[in-house]
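Trainee: I would like to learn how to read a model of this kind. Could we begin with the salt bridges?

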Amino acid sequence: MKHIPRALSQVLRLVILATILGAPSAYADDYADVNQLARSGKQTEALAKADAYLATNPRDPQMRFIKGVILTDAGKTDDAIATFTKLTQDYPELPEPYNNLAVLYAAQSQFDKARAALEMAVRTNPSYAIAYENLGDVYARLAAQSYARAVQLDASTSASVTPKLTLIRSMFAGSAKGQKAAAASPAAAASAPATAKTSTTQKP
């Protein structure tokens with residue numbers, strides 16, 4: 001897994017939408033400018049430029065997506081969630097906003113919401129490997145919660161449940177340790193969880 005900054009404490013992959021194929025070069029320049037500002041750590045300037053662009057192109061999914069990832073990087077989780085949620089409503093055919101929404105929900109331990117978002121992502125694109133991997137991680141987190149609850153309700157289940165909990169916890173601990181050993185590489189226009197992976201996808 002690739003390491004990138006800003007921990008959200010989840011082994012999930014945040015996706016970065018690449019430049020839309022066939023986008024006019026003027027738009028591509030705007031995307032590149034915002035990405036460059038974000039890569040330089042200038043989130044405030046990047047958001048201002050994104051907002052200026054969106055003032056005249058309010059439905060542009062690419063810039064809205066970039067803005068959502070920058071908000072994530074800036075730690076403005078509620079705003080990022082609102083941005084990705086609106087994208088899923090306006091462009092339900094795009095799987096990437098569902099994926100990134102799930103990463104944010106998972107960071108808040110809202111695993112049921114994360115699962116629902118990822119299920120929408122794979123329903124939208126059945127070949128979306130990143131979403132499937134994230135969904136597996138969310139299922140593991142939900143399993144851990146269920147096992148812990150079982151022990152709370154009935155201590156006699158501890159003997160059978162504890163090894164399962166230990167296995168799940170060691171799996172995520174191992175992933176996090178591997179990430180810390182990797183070199184940090186800021187993502188274009190955004191950052192994901194410290195233990196997350198990024199990938200770029202292109203939309204026609």
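Mentor: We can. Bear in mind that this is a predicted model. Side chains of opposite charge can pair when their charged atoms come close. In this model the count comes to six salt bridges.

Trainee: Which side chain does lysine 86 meet in a salt bridge?

Mentor: Lysine 86 pairs with aspartate 90, at 2.9 Å from N to O. Both residues lie in helix α4, which covers residues 77-90, and they are four residues apart, about one turn of the helix.

Trainee: Which other residue meets arginine 115 in a salt bridge?

Mentor: Glutamate 119 does, at 3.9 Å from N to O. Glutamate 119 and arginine 115 are four residues apart in α6, so about one helical turn lies between them. With a relative accessibility of 26%, glutamate 119 counts as partly exposed. Shared partners also occur elsewhere: salt bridges join Arg64, Lys86 and Asp90 into one network.

Trainee: How do I read the way two helices pack?

Mentor: Look at the distance between the axes, then at the angle. The axes of helix α3, residues 61-73, and α4 come within 8 Å and cross at roughly 155°. Angles over 145 degrees count as roughly antiparallel, and therefore α3 and α4 are roughly antiparallel to each other. Their crossing is left-handed.

Trainee: Which residues make the contact between α3 and α4?

Mentor: On α3 they are Pro61, Arg64, Phe65, Gly68, Val69, Leu71 and Thr72. On α4 they are Asp79, Ala80, Thr83, Phe84, Lys86, Leu87 and Asp90.

Trainee: Is alanine 50 buried or exposed?

Mentor: Alanine 50 sits in helix α2, residues 43-56. Its relative accessible area is 0%, so alanine 50 is buried. Leaving aside neighbours within four places in sequence, alanine 50 is in contact with Val34, Met63 and Lys67. The C-alpha atoms of alanine 50 and aspartate 33 are 9.2 Å apart, while 17 residues separate the two along the chain.

Trainee: How many helices and strands does the whole protein chain have?

Mentor: There are eight helices and two strands. Read from the N terminus, the order is β-α-α-α-α-α-α-α-α-β.

Trainee: What do the totals for the chain say?

Mentor: Of the 204 residues in the protein chain, 45% are buried. Among contacts with a separation of 6 or more, 69% come from residues 24 or more positions apart. The accessible surface is about 9700 Å², and carbon and sulfur atoms account for 55% of that area.

Conventions:
Residues numbered from 1 in each chain as written. Predicted model: local features only at pLDDT ≥ 70, side-chain atom pairs only at ≥ 80, totals over all residues. Heavy atoms only, no water. Buried < 20%, exposed > 50% of the residue type's maximum accessible area, 1.4 Å probe, protein only. Contact = heavy atoms within 4.5 Å. Areas by Shrake-Rupley, 256 points an atom, 1.4 Å probe, with all protein chains shown as cover. Salt bridge = Lys/Arg side-chain N within 4 Å of Asp/Glu carboxyl O. Axes fitted to C-alpha atoms, helices over the stretch in contact; angles between N-to-C directions. Parallel < 35°, antiparallel > 145°, perpendicular 65-115°, else oblique. Left-handed = near helix turned anticlockwise from the far one by under 90°.
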